[in-house]
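Dear colleague,

Please find below the structure that I am handing over to you. My notes on it follow directly after it.

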Amino acid sequence: MSEQQNWVNRATGVGTSVARSLLLPTLALITALVIGAVIIAFSDVDNLQLLGTDTGQALSNMWSEVVDSYAALFRGSIGSVNSISETLFAATPLLLAGLGVALGFQAGLFNIGAQGQMLMGSILAAYVGIYLTAPAFLHIPLTLAAGIIGGLIWGGLTGLLKARTGAHEVITTIMFNFIALFFVQWILTTEGLQDPGRNNPVSAAIQETAQLPKLFGEEYRVTIGFLIALLAVAGVHWLLYRSSPGFEFRAVGSNPHAGSYAGMKVALVITAVMAIAGGLAGAAGANQLMGLDPYKATPSLAGAVGFDAITVALLGRSNPVGVMWAALLFGALTAGGREMQGAAQVPIDLVVVLQALIVIFVAAPGMIRAIWRVKADDDSAATQVTTSWGA
Amino acid sequence: MSLELSGITKRFPGVVANDDVSLSLAPGEVVALLGENGAGKSTLMNILYGLYTADEGTIKVDGEELVFDSSADAIAAGIGMVHQHFMLVPVFTVTENVVLGLEPTTVGGVIDRDQARKTVMEISERYNLAVDPDALIENISVGVQQRVEIIKVLDREARFVVFDEPTAVLTPQEVDDFFGIVEGLKADGKGIVFITHKLGEAIDVADRIVVMRSGKTVAEVLPQDVTQQDLADLMVGRPVDLKVPKAEANPGEVVLSVQDLEVLDDRNVKAVDKVSFEVRAGEIVGVAGVQGNGQTELIEGITGLSEVVGGKVTIAGKEVTSASPRELHSMGVSHIPEDRQESGLVLNFTVTENMVLDSYYEEPYSKGIVMDWEYTRESAKRLVEQYDVRTPGTEVAVSTLSGGNQQKVIVAREFDRDVQLVIAAQPTRGIDVGSIEYIHSQIVAKRDAGAAVLVVSSELDEVRALSDRIIVLFHGKVAGEFGPDAAVTDIGLAMLGSGQ
């Protein structure tokens, strides 16, 4: 295995055990929350001024602010049916796109193109959602399928470029994001797709039969899109660990050289993985179109989901189940962050800080090990034990 | 001046890597530290070099007891180490690599290149190393790179030098040169320890041989008192068969036929130039040659991994020139690649997964695209048992196994099916004597079962021990063909391009 692949695998968690891959992210979350508490405590100017005159009062104020903030974060994420709905609602696209990025990591590919793949998926889905007339039980899957195909083509193209010419996927997927963005900005102003009476790039609303039904009833935003995402978790897990193509993906991802010696077609694997990853991101794009009022495609439909998906995949150590937990965590932080801002007057930016801290700690496991005194599982002692198995 | 390690004990969780080991070294003495993988040689040397701390025992230099907390302490005490994998910056020059970390500077912190260059020249001339101080590391051969490491050690004024498997990466010619250098160091009063598992080297070069097994020193002998057989038995702890026991070959039909084969290397230079030979069922043909004379490309050309630019390859009468690895797999060709970690295994995959790396897609390991892991696991368990792979289980990463056991995983995978042609490249490189013995016996067993076998090895001893017929490659051409009993000197001359 090349040094570089080694590094990638360590960063993306490919090849580590499940128990091991859950421990460090959990500790990273706790550490991030503690540091977040310090930031909350010191971010209120009044308290800082009070610190000089009445230290006891200031500390008690700080404490209650931290408690209030985290209580709001908790309440807003899992405190009520609506909170849970909001958490799942925010987690759904992250989960779908995150699975795509994770699948890429498993095959040794760094897919930064989820953003563009989502946009392309949403456009194709918009055509089907607007123009096809069909009952919901057909219209929904067909619209979703269109989204998947849009992303699949867009991702597959970057895969093909790498397989055929060796163009690095990091570069091509970033460039394809730009191409997708400007393409979408243009095509959304074309007749037939643009919302009549608008002059900015917005599509007409898709038909009601193509809209995703609500999961908890009409007053809550979460849709069956979340269930689809859970199915995707199971599907990707099955693909990676139970199917022979998945075996190929993982083998090529860890050691393409050994893969080709064993008769695997590396170029085909690269193309297929980028296509499937794009398809998953395309599903995320379709979900944003089909599950979010006013059910219109726009250039900003993907928000920052395509990039947060990379973080989610890293945090989930590229394991489908891990990605699910990571997406739920990010969904909870997003939903809880809004409540925190409303109730405790703590800027929602803190949520971004928390997310960033979690990711930094996950990316720097040595730091977390040092803080929590967790022994590394790959130290020289362990290696030594196993070499003694020689005959 | 002397170096003395006494009563060294080092425990790792679940294993005692060094158990009350003692070793002494006098100036001008060469000690060979012999042992199989995992015998504790590297642990002992890492303790000496300050990379590990011993749980018990002492290190004395010139009678003074020292504690090494890091390699810096060891270096300060006059101990130098040349690792098996060199620690050099490829894009730096020889001089830059030598002075890296202790650059001589002029006023203002500017590196004094002239001074640095002079130092390198001095050392190079003194020990007859013939190293160009201005050459880039990436442009010089492995043998010369090793000399740069030696200069590094000498520049740091080492009096005791440890070599970790110094000859593992060298060509036969370079090995001779290396031992010449060792003689020079010895004459200059340096104390030398070299770690090896090559028995011949230990006997030829060392003044004293220390044999380790399972963390203990099991013998300390003088080279004139022992034979290779004695040393092998001591290392393994039981009588070992150094000769490969095999009956007369009984060649049948031609299985592999290579005609005028031409293959390019990765720099697009013709590395295999009109090579022709045949391998029959039931015989082992060995390809000898100094590393880098086209052996790698020959194998890659036959196995469909490199593009063939001329000639043709047929297997059992069917033309398979440039056939894909998978087509060959399905025809009953098994391939043991020359670099097991780079091409033979996915190191972070489990033993089970590696056992089906090239047959995962076919029944009974999968049906359609659904893997049958239950069957695959059971099958891996059986193979581990049958091929004597020492592993804590089939579900551990193959990277945790020793080199010999990793190689056995590959052999198990490649041999456990109907095979009409075996292509084995460097089948026993860098592995322990016990595993070598086992793998050789498996290769002979395949021959006796009627397979045609092509073995490529840079170890002439291995080629001679295994082969029923030997062909020698030199500069990509066949430079000679020999029977199994041909004189070593004749084969050696052909390897240097001056035979026949």
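**The sheet of chain B**

In this predicted model, chain B has an open sheet of 6 strands with mixed pairing, in the order β6-β7-β8-β3-β9-β10. The edges are taken by β6 (79-82) and β10 (216-221) of chain B; each has a single partner strand, so one side of each is left without a neighbour in the sheet. On average, and ignoring direction, neighbouring strands of this sheet are turned by 20° against each other.

Strand β7 (residues 160-164) of chain B runs parallel to strand β8 (residues 191-196) of chain B, and 5 bridges join the two. To find a point where they meet, please look at V162(B), whose bridge partner in β8(B) is V193(B).

Helix α5 (residues 142-155) of chain B lies across β6 and β7 of chain B, and runs at about 170° to β6(B).

**A hairpin in chain B**

F474(B) stands opposite K477(B) in β22(B). The hairpin has 2 residues between the strands, and H475(B) takes a positive phi near 50° there.

**The two domains of chain B**

Chain B is divided into domain 1 (3-236) and domain 2 (254-495). The centres of these two domains of chain B, taken over C-alpha atoms, are separated by 33 Å.

**The contact between the chains**

Chain B contributes 41 residues to its contact with chain A, and chain A contributes 26 residues. The elements that give two or more residues to the side of chain B that touches chain A are β2 (15-25), α10 (325-330), α11 (340-344), β18 (370-371), α14 (403-415) and α15 (433-448) of chain B. That side of chain B is made up of 18 nonpolar, 17 polar and 6 charged residues.

**Two helices of chain A**

In chain A, the axes of helix α6 (residues 114-131) and helix α8 (residues 169-187) come within 8 Å and cross at roughly 30°. Why does α6(A) count as roughly parallel to α8(A)? The reason is the crossing angle of roughly 30°, because angles under 35 degrees count as roughly parallel. The crossing of α6(A) with α8(A) is left-handed. On α6(A), the contact is made by Q115(A), G116(A), L119(A), M120(A) and I123(A), and on α8(A) by F176(A), N177(A), I179(A), A180(A), L181(A), V184(A) and I187(A). The residues of this contact between α6(A) and α8(A) divide into 9 nonpolar, 3 polar and no charged.

Yours sincerely

Notes. Residues are numbered from 1 along each chain as its sequence is written. Chains are lettered from A and ligands numbered from 1 in the order in which they are written. This is a predicted model: local features need pLDDT of at least 70, side-chain atom pairs count only at pLDDT 80 or more; totals for chains, interfaces and linings use all residues. Two strands pair if DSSP finds at least two bridges between them. Helices (H or I, at least four residues) and strands (E, at least two) are DSSP runs, numbered from the N terminus. Two residues are in contact if their C-beta atoms, placed from the backbone, lie within 7 Å. Ala, Val, Leu, Ile, Met, Phe, Trp, Tyr, Cys and Pro count as nonpolar, Asp, Glu, Lys and Arg as charged, and the others, Gly among them, as polar. Axes are lines fitted to C-alpha atoms, for helices over the stretch in contact, and angles run from 0 to 180 degrees between N-to-C directions. Angles under 35 degrees count as roughly parallel, over 145 as roughly antiparallel, 65 to 115 as roughly perpendicular and the rest as oblique. A crossing is left-handed if the near helix is turned anticlockwise from the far one by less than a right angle, and right-handed if clockwise. Domain bounds come from an automatic or database domain assignment.
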